[in-house]
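Here is a short report on one protein model. Look at the structure first, then read on.

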Amino acid sequence: CDERLREPILGEPPNFERARCVAAFVASRHAASGRRGRVLIHCEDGLEHSACLAVAVLMLRERMRLSEATELVWQQRPAILQDPSLRRQLVLLAGHEGLL
């Protein structure tokens, strides 16, 4: 098992500081550009971390329910969230935010 998959990609519950940091960065990019544009979230190793963070950002910034955010990201990249640990982290975040 890859050691990187054992660490919480979204940060430790209940704060989920990494997810909040990425969501704040996306907000700052939108504010700096003066419009709501696209933001690329990229995972260098291809371990589904970018898809997980994209779903988390949609939940935190747009207040989308977990199912809605997952569906939106899935439409762009169908092979997402195959890793059970990433799914668990998103469920924890969604539960904490009232977005299940």
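## Overall fold

This is a predicted model. The protein has 4 helices and 0 strands. Along the sequence, the pattern reads α-α-α-α.

The protein has 100 residues, and 36% of them count as buried. Its accessible surface is about 6,200 Å². Carbon and sulfur atoms hold 54% of that surface.

## The nonpolar core

Which residues touch the most other members of the largest nonpolar core? They are Leu10, Val55, Met59, Leu90 and Leu93. This core has 26 residues. Four helices each supply at least two of its residues: α1 (17-33), α2 (49-62), α3 (66-76) and α4 (84-97). Helix α2 gives the most, with 10 residues.

Leave out residues up to four places away in sequence, and Met59 touches Met64, Arg65, Leu66, Ala69, Leu90, Leu93, Ala94 and Leu99. Two of these partners, Leu90 and Leu93, are also on the list of core residues that touch the most other members.

## Helix α2 against helix α4

How do α2 and α4 pack? Their axes are 10 Å apart, and the angle is about 10°. Angles under 35 degrees count as roughly parallel. The two helices α2 and α4 are therefore roughly parallel to each other.

From α2, the contact uses His49, Cys52, Val55, Ala56, Met59 and Leu60. From α4, it uses Leu86, Leu90, Leu93, Ala94 and Glu97. Sorted by class, this contact of α2 with α4 has 9 nonpolar, 1 polar and 1 charged residues.

## Helix α1 against helix α2

The axes of α1 and α2 come within 9 Å. They cross at roughly 70°. Angles from 65 to 115 degrees count as roughly perpendicular. So α1 and α2 are roughly perpendicular to each other.

On the α1 side, the contact is made by Ala19, Arg20, Val22, Ala23, Val26, Ala27 and His30. On the α2 side, it is made by Leu53, Ala56, Val57, Leu60 and Arg61. The residues of the α1 and α2 contact divide into 9 nonpolar, 1 polar and 2 charged.

Val57 sits in helix α2. Is Val57 buried or exposed? Its relative accessible area is 8%. Buried means under 20%, so Val57 is buried. Not counting residues up to four places away in sequence, Val57 touches Val22, Ala23, Val26, Ile41 and Glu62. Take Val22 from that list. Val57 and Val22 are 35 residues apart in sequence, yet 7.0 Å apart in space, C-alpha to C-alpha.

Ala27 lies in helix α1. Ala27 is partly exposed, with a relative accessible area of 25%. Ala27 and Arg61 are 34 residues apart along the chain, and their C-alpha atoms are separated by 7.7 Å. Arg18 also has its place in helix α1. Arg18 is partly exposed too, at 37% relative accessible area.

Most residues other than glycine have a negative phi. Which phi values do Phe16 and Arg63 have? Phe16 has a positive phi of about 50°, although it is not a glycine. Arg63 has a positive phi of about 60°, and it is not a glycine either.

Where are these residues? Phe16 is in the segment before α1. Arg63 is in the loop between α2 and α3. Phe16 is buried, with a relative accessible area of 2%. Arg63 is partly exposed, with a relative accessible area of 40%.

Note on methods
Residues are numbered from 1 along each chain as its sequence is written. This is a predicted model: local features need pLDDT of at least 70, side-chain atom pairs count only at pLDDT 80 or more; totals for chains, interfaces and linings use all residues. Side-chain values use heavy atoms; hydrogens and water are left out. A nonpolar core is a set of buried Ala, Val, Leu, Ile, Met, Phe, Trp, Tyr and Cys residues joined through side-chain atoms within 4.5 Å. Buried means under 20% relative accessible area, exposed over 50%, partly exposed in between (1.4 Å probe, protein chains only). Contact means heavy atoms within 4.5 Å. Axes are lines fitted to C-alpha atoms, for helices over the stretch in contact, and angles run from 0 to 180 degrees between N-to-C directions. Angles under 35 degrees count as roughly parallel, over 145 as roughly antiparallel, 65 to 115 as roughly perpendicular and the rest as oblique. Ala, Val, Leu, Ile, Met, Phe, Trp, Tyr, Cys and Pro count as nonpolar, Asp, Glu, Lys and Arg as charged, and the others, Gly among them, as polar. Accessible areas come from the Shrake-Rupley method with a 1.4 Å probe; for residues, only the protein chains shown count as cover.
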